[in-house]
Amino acid sequence: MRQKTITLIFFILLLATNFACGETKPTTNQDAFSPVTISDSLNREIQFTNPPERIIAFDSAAVEILFSIGEGKRIVGTHDFVSFPPETASIPKVGDAFNMNLESVIELNPDLVFVFSPTYIQNLEKAGLKVLYIESRQSGLQEISKDILMWGEIVGSESQAALISKDFEEKTISIQNKIASLEQNFSVFQDIGGFWTPGNDTLMNDVFNLLNLSNIAFDINGYQQIGVETIVERNPDIILASDVSVYTANSNFSNLAAGTNGKIIELNDESLSIAGPRFITGVTNLAKAIYPEIFE
Amino acid sequence: MIVNNMSFYDSPTQILAQKSRYNRIWIGILFLTCCVFIGICFGTIHIPIKHTIGILTQSLTFFNLGNDWTNSHEIILLKIRLPRVILACIVGAALASSGAAFQGLFRNPLADPYLIGVAGGAGLGAAITILSKITLIVNLEFFLPIAAFSGAIITVTTAYFISLKSGKVSLISLILAGVAISASTSAITAFLMIRSNPDLRPLVSWLLGGFQSAEWPQVLILLVYLIPSWILMMAYSRTLNTLQLDEKMAKQLGVNIEKTKVIIITTATLTTAAAVAFSGIIGFVGLIAPHCVRLIWNNDYRSLIPTSALLGASFMILADLVSRTIIAPSELPVGIITALFGTPFFLYLLRKHNA
């Protein structure tokens, strides 16, 4: 009898806390949720009639966007290489970026799994999970602000997302305005290691365009290993390298325009490899390094 | 005519054999010279032949042919393309001669310079260097060859001591130990790759080999290893011929087998490790070049080692030329080219001479 009473009390308490949670939700989401349909990278229509509460965000950019609009608490799982913001340290990891542990995913009982590659879509859907697949952004700097708005719609936090997205756009415009005063167009070469360089259809190329720089790898698609002869022949005014010693210690390179201008710049900015809200901060820092005279 | 001038003791067949041996080497040298010239004349950047010859004559002889070329063309030719061609040449020669020596020592047609663990160890050394944060402390360009070289030497030494029993090396144990250690080092490399966040492309292209960062000092360092190794290999080429009979028979013929093993293993390993340190793991050349020579000519190690080296060097220069021009301005790792373009050529030879 006594045991039953305790169970009953416990049950009531549980219900009460549930209710309490239910009541607090509308206060965190200032916007009323309106159902949305998102078109994924396979052109499938994914419908959201309720905002997902338990999201597995298998993508660094999605995690950063959700945290930036104050909805990071919805993330119940992510992958090993997600390290920003610091709060992600306590979120369970369900695989590295290329391998997903399906058992751990199902165990977390998510109501949305967001993936950046199509590999696991079928397995996840067979397990009865809702999957949103949007390819990670390889180009289109301006589109990042739209990604932020999309997440705002999905989780019903549109006004906050609009703020962050607007901030992103304003920072972009502010860079554009400062750059507009420049008359000269410099040529640039980026080495991410071993002479691998971003070509004309990459996010980095968009960054170069924004900063009024012309990429010497204009005839390369995606990331490729460029020939050393080509680097010397095209004689970049600015070299951005993950390891500057390759360029400063070698007279073949230090005699290039970038070397004589003192524009061999170290670039190892993680934010420039994740198409999230921090991306524009990375661009601003790069702009400061390249044009210290006009960016304070 | 010639026979009359020779000493009384040489039989005519011996003299003819010796003569054809030298002929083969001269043909090899001629072919290599052509390849070096082709390698220098073509590249991503078009430099007119007239300018190429002008720049080369000026730098080699201080003889001025009127310099109407641009400064960047001079840098490209003398400081980028020329060291690259020479490095490819030396690495090709190193891999092919080490491969020939290993095939002779192990009496195994599948032997290549990486057989006893050089590639696995070097790959692991490079993976640790490229993927770890060590580059924040040391200069990658300087440290990478050292790490690859040390990795290679450590794995081979381990395999060597495992196969050593009462002062004698069992060659079968050495192969098995080498293969086993390579498997575990490759596993660790794969583990590091799958567990690391940074971009893997630089490491993958290193693992497939290439000469992107060729410079004159590398050529000099390699020569320091190669020249003594080649002299030793040539000195032991007769012994390798005898070894083809049988270990016991060779011993009866007065061959010091244990000494031969140590010399060949040490020289071939050092040469290969030095080559791998600067150019990554370039497959196929070390295995196939000696077999091509065998199919065209014969199995005499006195000519097999030098002609394999010459053929390996020529082939490597051409493969590197393809790797830097086929998708210009981008490059492909040369290891892809050596296997892709070498296989049809080798299969053709195999079919023609075995038919």
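This is a predicted model: local features need pLDDT of at least 70, side-chain atom pairs count only at pLDDT 80 or more; totals for chains, interfaces and linings use all residues.
## Ground rules

Local features need pLDDT of at least 70, side-chain atom pairs count only at pLDDT 80 or more, and totals for chains, interfaces and linings use all residues. Residues are numbered from 1 along each chain as its sequence is written, chains are lettered from A in the order in which they are written, and side-chain values use heavy atoms, with hydrogens and water left out.

## Chain A on its own

Chain A has 12 helices and 12 strands. Both are DSSP runs numbered from the N terminus: helices are H or I with at least four residues, strands are E with at least two.

The chain has 296 residues, and 49% of them count as buried. Buried means under 20% relative accessible area, exposed over 50%, and partly exposed in between (1.4 Å probe, protein chains only). Chain A exposes about 14100 Å², and carbon and sulfur atoms supply 54% of that. Such areas come from the Shrake-Rupley method with a 1.4 Å probe; for residues, only the protein chains shown count as cover.

Take contacts in chain A between residues at least 6 apart in sequence: 56% join residues at least 24 apart. Contact means heavy atoms within 4.5 Å.

## Where the chains meet

Chain A brings 28 residues to the contact, and chain B brings 29. Together they bury about 2600 Å², 53% of it on carbon and sulfur atoms. Buried area is the accessible area (1.4 Å probe) that two parts lose on being put together, summed over both. Phe81(A), Gln225(A) and Glu229(A) supply 26% of the area that chain A buries against chain B, more than any other three residues.

There are 4 salt bridges between the chains. Each is a side-chain nitrogen of Lys or Arg within 4 Å of a carboxyl oxygen of Asp or Glu. Glu229(A) and Arg324(B) form a salt bridge through their side chains (3.6 Å, N to O). On chain A, strand S10 (223-225) and helices H8 (228-234), H9 (245-248) and H10 (251-254) each supply at least two residues of the side that touches chain B. H8(A) gives the most, with 6 residues.

Asp243(A) lies in the loop between strand S11 (238-241) and H9 of chain A. Asp243(A) counts as buried because its relative accessibility is 16%. Leaving aside neighbours within four places in sequence, Asp243(A) is in contact with Asn139(B) and Leu140(B).
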